[in-house]
Amino acid sequence: MGSMMPPEIYSSTGRADRAVKRIRGLTTRILSAPRAVRSGRLERMAGLMLEVVGLPMTIGHRAAVASGTGWVECECVGFSGKLTYLMPIDPASHIAPGAAVYPASTPAFEVGRFFPIESAAPLPIGDSLVGRIVDGYGRPLDGFAQSDDPPHPYRSQAINPLHRQPIFEPLDAGVRSINAMLTIGRGQRVGIFAGSGVGKSVLLGMLARRCVADLVVIGLVGERGREVREFCEDTLGKDAMSRSVVVAAPADASPLARLRGAWFATDIATYFRDQGRHVVLIIDSLTRFAMAQREIALSLGEPPVSRGYPPSVFAKMPELVEKVGNGSVEGSSITAFYTILLEGDDIHDPVADTARGILDGHLFLSRELADAGHYPAIDIEKSISRVMPRVTRQDHQLAARHLKQLISRYMRGRDLVSMGAYAPGSDPGLDEALRLWPKIQAFLQQGIDETFDMKDSLNTLFEIVGGNGNP
């Protein structure tokens, strides 16, 4: 047999690797540390905004404000003259007027000596992040150990539109109605428009578990804190969690943490896309992202221009969405699903209108279908995939169009049929729709534990409307 290394060699080699990683991490922190200690003073706190004098900072950089219970981490969100505007990352308390303010990662001077400002280090973006649950700043929430990998200050950049790879390959979503009727392409950005209580979270769980992708990144932005654990343990499960990264910034998090949750999830997805992988990004929800930006912008004094939303909201939404999709690396993609919460089922909400204009399609979840027990409650008539013609064959498109016409014909004529005012044979289209309606209903519904790949979805579609089911 060949020579084998004794176990103690393996263990010493592992310790050496961990030591090297730790030394690299410490070296990176030392090199990024400032060469001098600066400080400022808290002048005023109004609502969520802290006004600091004597400490000019760059937008996006972090600082620490002294409080009665330690230090409150903040981020610079604006400035005006000699004033620097900070916003707490976490809920702030026991802050007094004139409190000392120091830039992050610098020691603070107290009682005649310098003390280090302690803060939870973010997990580096990389393979060690897969299977983890973090907050909007990358700090672990799952209670597992910190990674030994060195810090990775990755931040996604805007893509030259001429460098994007085209969308030409379909994504197998594992949901029959989407695969057959609203085929999604790899690199497409889709909005899921829904009111409350119509099965939005269940559909997201089905997509996260069943879609064919190398990695799934999920951003839970501004949703109920109770749903975070339920989504990770029950909706996702162990198998799906092993290939997922969950970024959780629930409703009780600060608006800054909620905003950063969406950006951090996007950064994770773009990092793995640029490594040559197929990624599915799920942001729940884009509406809460817009609300968080609204809170910050109004605190900075921006005027509301549309139902209480300031202009920066409608500038930040396309900035976030345009970072995803296909990049310049061939054979990689980010297919993104953004949920848009319709307050009072109003489809003309400013956020919903903006989202429809910047996304590549939308799935509209109907309350009427949900109330009737039809799940997933996707309204085929109101939903559209704008890249479906590019990623499907012509016979598939014709079959889907024919089935959509049958659904529309049934919906227009069902009142006449229920009242007994329709004479069979007077409308061949309605007759066909009535005859096929039970099959159509069964086709568009799917159990939470059922999976239908692209081949099965197309075969069933062609069985209903006729045609060649070979994909």
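Let's start where H11 meets H12: on the H11 side we have His-402, Leu-403, Leu-406, Ile-407, Arg-409, Tyr-410, Met-411, Gly-413 and Val-417, and on the H12 side Gly-429, Leu-430, Glu-432, Ala-433, Leu-434, Leu-436, Trp-437, Ile-440, Phe-443 and Leu-444. Contact here means heavy atoms within 4.5 Å. The helices are DSSP runs (H or I, at least four residues), strands are E runs of at least two, and both are numbered from the N terminus.

A word on the source: this is a predicted model, where local features need pLDDT of at least 70 and side-chain atom pairs count only at pLDDT 80 or more, while totals for chains, interfaces and linings use all residues. Residues are numbered from 1 along each chain as its sequence is written, and side-chain values use heavy atoms, with hydrogens and water left out.

Back to our pair. By class, the contact of H11 with H12 has 14 nonpolar, 3 polar and 2 charged residues. For the classes, Ala, Val, Leu, Ile, Met, Phe, Trp, Tyr, Cys and Pro are nonpolar, Asp, Glu, Lys and Arg are charged, and the others, Gly among them, are polar.

How do H11 and H12 pack? Their angle is about 110°, and their axes are 8 Å apart. Axes are lines fitted to C-alpha atoms, for helices over the stretch in contact, with angles from 0 to 180 degrees between N-to-C directions. H11 and H12 are therefore roughly perpendicular; the scheme calls angles under 35 degrees roughly parallel, over 145 roughly antiparallel, 65 to 115 roughly perpendicular, and the rest oblique. Their crossing is left-handed, that is, the near helix is turned anticlockwise from the far one by less than a right angle, with clockwise being right-handed.

H11 and H12 also turn up around the second largest pocket, where helix H9 (367–371), helix H11 (394–419) and helix H12 (428–444) each give two or more residues to the lining. H11 has the largest share, 4 residues. In total 25 residues line this pocket, and Ser-366, Glu-368, Leu-369, Asp-379 and Met-411 lie nearest its centre. A pocket, on a 1 Å grid over the protein atoms alone, is an open set of points where a 1.4 Å probe fits, with protein on both sides within 12 Å along at least five of seven lines; lining residues have an atom within 4 Å of a point. The lining splits into 14 nonpolar, 4 polar and 7 charged residues. The pocket's volume is about 500 Å³, meaning the space filled by probe spheres set on the points, which are joined across faces, edges and corners.

Staying with H9, Pro-376 sits in the loop between H9 and strand E18 (384–385). Tyr-375 and Pro-376 are joined by a cis peptide bond, with omega about -10°.

There is another cis bond, between Asp-284 and Ser-285, with omega about 15°. Ser-285 belongs to the loop between strand E15 (278–284) and H6.

The axes of H6 (residues 286–299) and H7 (residues 311–321) come within 9 Å and cross at roughly 135°, so H6 and H7 are oblique to each other.

Last pair: helix H3 (residues 200–210) and helix H4 (residues 226–241) pack at about 10°, with axes 10 Å apart. That makes H3 roughly parallel to H4. Among the residues in contact are Leu-204 and Ala-208 of H3 and Phe-231 and Leu-236 of H4.
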